[in-house]
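Let's take a friendly walk through the fold. Have the sequence and the model open side by side.

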Number of protein chains: 2
Amino acid sequence: MPDSPKTLLDKGLPETGNDLLADVSLPAAVIHEAPLAHNLAWMQRFADDHGARLAPHGKTTMAPALFHRQLAAGAWGITLATAPQCRAAFAHGVTRLLMANQLVGEANMAIVARLIEAGAEFHCVVDSAANVDQLGRYFAARGLRLPVLIELGIDGGRCGCRDRDAVVALAERVAGEPALVLAGLEGYEGVVQSDEPTRDVRAYAWRLVEAAQALDLDGLIEAAEPLITASGSAWYDLIAAVFQEARLGAHFVPVLRPGCYLVHDHGLYHRAQQGVLQRRPDLERGLEPALEVFAQVVSLPEPGLAIVGLGKRDIGHDQLPEPLRRYREGGRADRPLEVDGWRITKLMDQHAFVTLPPDPDGVRVGDIVAFGASHPCLTFDKWRRLCRVDERLAVVEVLETCF
Amino acid sequence: MPDSPKTLLDKGLPETGNDLLADVSLPAAVIHEAPLAHNLAWMQRFADDHGARLAPHGKTTMAPALFHRQLAAGAWGITLATAPQCRAAFAHGVTRLLMANQLVGEANMAIVARLIEAGAEFHCVVDSAANVDQLGRYFAARGLRLPVLIELGIDGGRCGCRDRDAVVALAERVAGEPALVLAGLEGYEGVVQSDEPTRDVRAYAWRLVEAAQALDLDGLIEAAEPLITASGSAWYDLIAAVFQEARLGAHFVPVLRPGCYLVHDHGLYHRAQQGVLQRRPDLERGLEPALEVFAQVVSLPEPGLAIVGLGKRDIGHDQLPEPLRRYREGGRADRPLEVDGWRITKLMDQHAFVTLPPDPDGVRVGDIVAFGASHPCLTFDKWRRLCRVDERLAVVEVLETCF
């Protein structure tokens, strides 16, 4: 089949000069360069200002080109969620990998063993004696040493030892496995559920500090530069503040792990960011949404109803996506049309039902609508390629993902 | 980085002889061969017995190896939802493509134009004068003819003309576009919402028949072998029965388009199939679930709680997935352990919270749990590769997807 410039997105060959995604098959996921660059610099500066290292959670995007921008902006490493994600990042040149989860299963251990053999600087998390035994046995048999962080969790939360005594007991168990290197402490405050989250996230951050100090005092930490790490994209300000107040710098490298900050969102993290800015009015101009999905009106079958070619396979749908702007196909990117009163009422696999206001301003089949969503992780993973665009909505880069 | 047999799933190189997904990084999506083969033959026989052609909806799996099995089993063609899906199927050798949606946007039209130029037998759907005009103009400029089916919808439904008069009026508009070939009628009964769905789906099927006959009587159909097509995976029995009762065979090729039947499910389509078998007790041994996702217990942080490495990125979650069986890692596939009383209560991106019964029968970190889900389309699209396995849970084929 002959190629053509029209296959732009398919072939992964960026071509500038075409406004408004002109040659891109829609629906398509779009990242706007200006807010992306802003967010990238903003969060790095935030970490720097708080004396913390930034290991952005790469699971959000799984886009190596974005990992490289994060590293170039000053990130210490990349956080990942699974062994295959670590393998993918390493294959794309990321050498410092923080797997903020338990490493379970021999096939996953084998992936990590090969990464370590190949020179990766790797950490993962442990929270059970059973897993410590499994890892100790596996890595000893491979003749390798595995750096691990103990996870401190919360009652009713997700993974993690439930108290400091359990952390210390597990550290002693790690000390009994010659193949394991205790390298610090890990937590995730995103599972704190509370009516007073500011208080309780701070309290959890202090529990992390105290547990880390207990390990240090007991001489259980083997690594020369141990880590203390926490923070998603909602409460990073509180974690960073406590780590800073605790003056851990001399004993621990504090590492923050937000991921969603990079493209931000139009839902969950938008609201979380409002909370950050209320708590920290000194932080100027917060994060800005950079990720949208563009799709076209495919049918106008009844008054007040548009069917758009956007479905659950195209965009995160923890919440129904939000129409943001509209364009006429072939029109100009700088003259968007209104979508006041447009609202998605139902999302199927490949279709969105959009109710229109009584006077929908000349909507046509083919009109292009930009949608925002909540929780970027579950939009990124719908795409093997995303378009990075400039202000004219011309594609300046096709970003491959490696989910 | 050196390769190893452990990279089985990553490298796409099947290797037999390893029981229980031994070398596969979990979580992993698994298709069981026996129910797959059963479903494949069952639905083809159903279509044959009703004098209908089968064009399985390929959007469900987007796995070319499964398209080829469907075609080898007797399918007439493959149905797809979007132009890029059609392109992917054609690139893998599928030459008869039924795009059961509107073709909107010049980039999508360009994809289809190239498919037609390359020899694809292609149909898409129209339901608006605006889209007819757009397609007529585009394909005339390319010097191509595009076969289209008119969609008949339902009030309050999704796309489609709302009544027969609108269908006929649109057919006349198609007749005025030399680049378009009217090739029949399309509908989708899956959007019928009713307290008496059996009655209303049948009524809708008859409306399709009558509209097709009206087009035929008016001499508006140009194709020599026009199509009449409907049916998802829930009401195919009613559609097939009406098409058969209507004795359309002489004038129209009846085409059924179920997709989910191939791997079936543990939710929506399981219940729908119970309805089919109640309506049609003559149909022996219905469809069987073939798709599961296997994941491991990564943490047992509190009594009564297991955290499993299975998340929204791994499995469809319109409904919370259901634990089906459990295995000890390295154990035997023919001796699964119980999961009585195990229940997912919450799903995050990469983690499932599973409540355990008071006596969870020796659960361990590392235990492998098989999960079933509702709606296979939204599990397939989470994976670039799935494992087809035999009764021993040994991988016999790595199936690539082309979403």
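Below are notes on a sheet and on helix packing.

## About the model

This is a predicted model, in which local features need pLDDT of at least 70, side-chain atom pairs count only at pLDDT 80 or more, and totals for chains, interfaces and linings use all residues. Residues are numbered from 1 along each chain as its sequence is written, chains are lettered from A and ligands numbered from 1 in the order in which they are written, and side-chain values use heavy atoms, leaving out hydrogens and water.

## The sheet in chain A

Chain A has an open sheet of 8 strands, with parallel pairing, in the order S2-S9-S8-S7-S6-S5-S4-S3. Its edge strands, each pairing on one side only, are S2 (53-54) and S3 (78-80) of chain A. Helices (H or I, at least four residues) and strands (E, at least two) are DSSP runs, numbered from the N terminus, and two strands pair if DSSP finds at least two bridges between them.

Within chain A, S4 (residues 96-102) and S5 (residues 121-126) pair in the parallel sense over 4 bridges. Gln102(A) has Val125(A) in S5(A) as its bridge partner.

## Two helices in chain B

How do H5 (residues 106-117) and H6 (residues 129-141) of chain B pack, and at what angle? Their angle is about 50°, with the axes 11 Å apart; axes are lines fitted to C-alpha atoms, for helices over the stretch in contact, and angles run from 0 to 180 degrees between N-to-C directions. H5(B) and H6(B) are therefore oblique to each other (under 35 degrees is roughly parallel, over 145 roughly antiparallel, 65 to 115 roughly perpendicular, the rest oblique).
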